[in-house]
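Visitor: I would like to learn how to read this model. Please take me through it feature by feature.

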Amino acid sequence: MVKCGICGGEAPRQPGIMDEGTCDLCGRKVMLAEECLQKKAKKE
């Protein structure tokens, strides 16, 4: 079985990103690198 490119878990196929920004297999939220950096900058 292949590994999920988002969470690393076993998946029957590679996942897609839904309109809400979540993985269609595991439901985890996916953020762009820029969003992640902005979120870290706000915390500091």
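Guide: Start with the elements. Helices (H or I, at least four residues) and strands (E, at least two) are DSSP runs, numbered from the N terminus. Here the pattern along the sequence is β-β-α. The chain has one helix and two strands.

Visitor: What kind of model is this, and how are residues numbered?

Guide: This is a predicted model: local features need pLDDT of at least 70, side-chain atom pairs count only at pLDDT 80 or more, and totals for chains, interfaces and linings use all residues. Residues are numbered from 1 along each chain as its sequence is written, and side-chain values use heavy atoms, with hydrogens and water left out.

Visitor: What does the C-alpha trace span along its principal axes?

Guide: The C-alpha trace spans about 40 × 20 × 15 Å. The accessible surface of the chain is about 3,800 Å². Carbon and sulfur atoms hold 53% of that surface. Such areas come from the Shrake-Rupley method with a 1.4 Å probe; for residues, only the protein chains shown count as cover.

Visitor: How many residues does the chain have, and what percentage count as buried?

Guide: Buried means under 20% relative accessible area, exposed over 50%, and partly exposed in between (1.4 Å probe, protein chains only). Of the 44 residues of the chain, 14% count as buried.

Visitor: Is Thr22 buried or exposed?

Guide: Thr22 has 18% relative accessibility, so Thr22 counts as buried. Thr22 sits in the loop between S2 and H1. Next, look at its contacts. Contact means heavy atoms within 4.5 Å. Leaving out residues up to four places away in sequence, Thr22 touches Gly16, Ile17, Gly27, Arg28 and Lys29.

Visitor: Among contacts between residues at least 6 apart in sequence, what share joins residues at least 24 apart?

Guide: That share is 2% in this chain.

Visitor: How many disulfides does the structure hold?

Guide: A disulfide is a pair of cysteine sulfur atoms within 2.5 Å. The structure holds zero disulfides.

Visitor: Where does Cys26 lie?

Guide: Cys26 lies in the loop between strand S2 (10-11) and helix H1 (33-43). Gly9 and Cys26 are 17 residues apart in sequence, and their C-alpha atoms are 8.8 Å apart.

Visitor: What does Gly9 touch?

Guide: Gly9 touches Val2, Lys3 and Cys4, not counting residues up to four places away in sequence. Gly9 lies in the loop between strand S1 (2-3) and S2. Gly9 is partly exposed, with a relative accessible area of 25%.

Visitor: Now the charges. How many salt bridges does the structure hold?

Guide: Side chains of opposite charge can pair when their charged atoms come close. A salt bridge is a side-chain nitrogen of Lys or Arg within 4 Å of a carboxyl oxygen of Asp or Glu. The structure holds one salt bridge. Arg13 pairs with Asp24, and their closest N and O atoms are 3.2 Å apart. Both Arg13 and Asp24 are in the loop between S2 and H1, eleven residues apart. Arg13 is partly exposed, at 40% relative accessible area. Asp24 is partly exposed too, at 32%.

Visitor: How far apart are the mean positions of the positive and negative charges?

Guide: Lys and Arg count as positive and Asp and Glu as negative; His and the chain ends are not counted. The place of a charge is NZ of Lys, CZ of Arg, CG of Asp or CD of Glu. The chain has 8 positive and 7 negative charges, and their mean positions are 6 Å apart.
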